[in-house]
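Please read them with the structure open beside you.

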Amino acid sequence: MTDTVGIVIVSHSKDIAKGTADMVRQMVGNEVKVAFCGGNPDGGLGTNVSLIIDAIDRAWSPKGVAVLVDLGGAETNSEMAVEMLQPERRTLVAVCNAPIVEGAVMAATEAAGGSSLEQVRAVAEELSAD
Amino acid sequence: MSIQPERLKTLVKAAAEKVIASAGELTALDQAIGDGDHGTNMKRGFEAVLGKLDAIAMQPLDEAFKTIGKTLVMTVGGASGPLYGSFFLAVGDALSRNRRLPEDLAEVFGSGVGAVSARGRSQPGEKTMLDVLVPVLETLQAEAGRPDLIARVRAKASEAVTRTMPMQATKGRASYLGARSVGHIDPGAQSSCLLVHAVCDMLEAQP
């Protein structure tokens with residue numbers, strides 16, 4: 001199997017993260033590694049840096065990982081998680097400015113075709129373009 | 001760079017306990033213009049800091065601040081985790097670069113404020129914690145060496161919190177409310193003020 005960009009979904013809600021991951025797998029099956037996380041360290045609504053780091057590890061690919069997030073704290077915590085990775089991994093993770101569900105599905109579909117991290121990110125972020 | 005472990009312990013404990021005791025107030029402010037979790041998030045983070053208090057107090061000062069920062073990053077569970085976490089990590093980094101306290105206080109504090117601004121891609125005037133941190137930094141820069149510096153810092157922080165009330169939020173969850181965010185104090189500004197006041201109180205009680 002050729003390497004494809006991995007997809008990580010980070011929501012404040014574990015249910016939304018899981019549901020989004022289900023929709024992604026429906027599109028791309030097992031061609032792309034998909035990992036998700038949601039909830040704060042107590043399990044309530046929120047995000048959790050260590051769970052994000054774990055999800056990036058699970059979805060890891062030599063071609064990199066695209067991270068799709070919902071609201072502000074998910075983005076801030078994802079950026080923090082990226083900075084806490086090994087230095088050689090940091091440039092291989094892109095936190096995408098895109099709607100979480102549509103962005104994850106579009107990114108995964110693009111990744112399944114063997115595209116680079118930058119291409120995957122661009123496709124997801126087109127959804128946020130004016 | 002060193003500080004007596006007992007003094008560091010007293011300082012961290014005072015700040016953490018103030019935030020924890022104010023969790024209800026912070027959550028109420030956040031319910032008005034945000035998602036209502038700022039108090040519980042900050043409480044979780046600072047309880048984790050208190051849990052490491054003995055270890056933190058024994059560390060060199062730069063490492064102690066980095067431990068506080070990492071702990072907040074890993075436990076808060078909202079955007080305030082990376083924001084406050086980045087503040088303390090940057091303060092620790094500044095101290096690792098041979099900056100000293102209290103001599104370089106304004107510069108060290110400024111490193112923390114710069115990290116918050118970068119992490120949040122935010123500037124003063126957007127109804128955030130920076131609307132307290134930046135005025136406090138300016139007071140530290142302008143009033144350094146004055147015998148009443150602590151009183152001035154405390155007053156500036158209080159005044160700065162009040163000034164967030166008429167602001168319209170353009171960053172964070174409150175920005176979704178647009179004009180409806182006007183008329184409320186920003187919860188992040190309030191938690192920053194609480195931390196600044198806790199440090200002022202401790203330094204006045206034990207100069």
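1. What does the secondary structure of chain A come to? It comes to six helices and four strands, where helices (H or I, at least four residues) and strands (E, at least two) are DSSP runs numbered from the N terminus. Read from the N terminus on, the elements of chain A follow the order β-α-β-α-β-α-α-β-α-α. The radius of gyration of chain A, taken over C-alpha atoms, is 13 Å, close to the 14 Å that the globule rule (2.2 Å times the number of residues to the power 0.38) gives for 130 residues, so chain A is as compact as a globular protein of that length.

2. A word on conventions before the details. This is a predicted model, in which local features need pLDDT of at least 70 and side-chain atom pairs count only at pLDDT 80 or more, while totals for chains, interfaces and linings use all residues. Residues are numbered from 1 along each chain as its sequence is written, and chains are lettered from A and ligands numbered from 1 in the order in which they are written.

3. Along its principal axes, the C-alpha trace of chain A spans about 40 × 30 × 30 Å. Of its 130 residues, 52% count as buried; here a residue is buried if 20 or more other C-beta atoms lie within 10 Å of its own, exposed if 12 or fewer, and partly exposed in between, with C-beta atoms placed from the backbone. Among the contacts in chain A with a separation of 6 or more, 73% come from residues 24 or more positions apart, a contact being two residues whose C-beta atoms, placed from the backbone, lie within 7 Å.

4. The four strands form an open sheet in the order β2-β1-β3-β4 of chain A, with parallel pairing, where two strands pair if DSSP finds at least two bridges between them. Its edge strands are β2 (34-38) and β4 (93-96) of chain A, each of which pairs on one side only. Neighbouring strands of this sheet are turned by 20° against each other on average, direction ignored. Strand β1 (residues 6-11) of chain A is joined by five bridges to the parallel strand β3 (residues 65-69) of chain A, and I7(A) stands opposite A66(A) in β3(A).

5. Two helices of chain A lie against strands of the sheet, and their angles deserve a look. α1(A) lies across β1 and β2 of chain A and runs at about 165° to β2(A), whereas helix α2 (residues 49-58) of chain A lies across β1, β2, β3 and β4 of chain A and runs at about 170° to β2(A). Axes are lines fitted to C-alpha atoms, for helices over the stretch in contact, and angles run from 0 to 180 degrees between N-to-C directions.

6. Helix α1 (residues 14-28) of chain A also holds M23(A), which is partly exposed because 16 other C-beta atoms lie within 10 Å. Leaving aside neighbours within four places in sequence, M23(A) is in contact with V101(A) and V105(A). M23(A) and V105(A) are 82 residues apart in sequence, yet 7.1 Å apart in space, C-alpha to C-alpha.

7. The contact between the chains takes 16 residues from chain B and 14 residues from chain A. On the side of chain B that touches chain A, α3 (38-51), α5 (61-75) and α6 each supply at least two residues, and α6(B) gives the most, with four residues.

8. Most residues other than glycine have a negative phi, and most peptide bonds are trans. A cis peptide bond, with omega about 0°, joins L101(B) and P102(B). R121(B) is exposed, with 11 other C-beta atoms within 10 Å, whereas K127(B) is buried, with 29.
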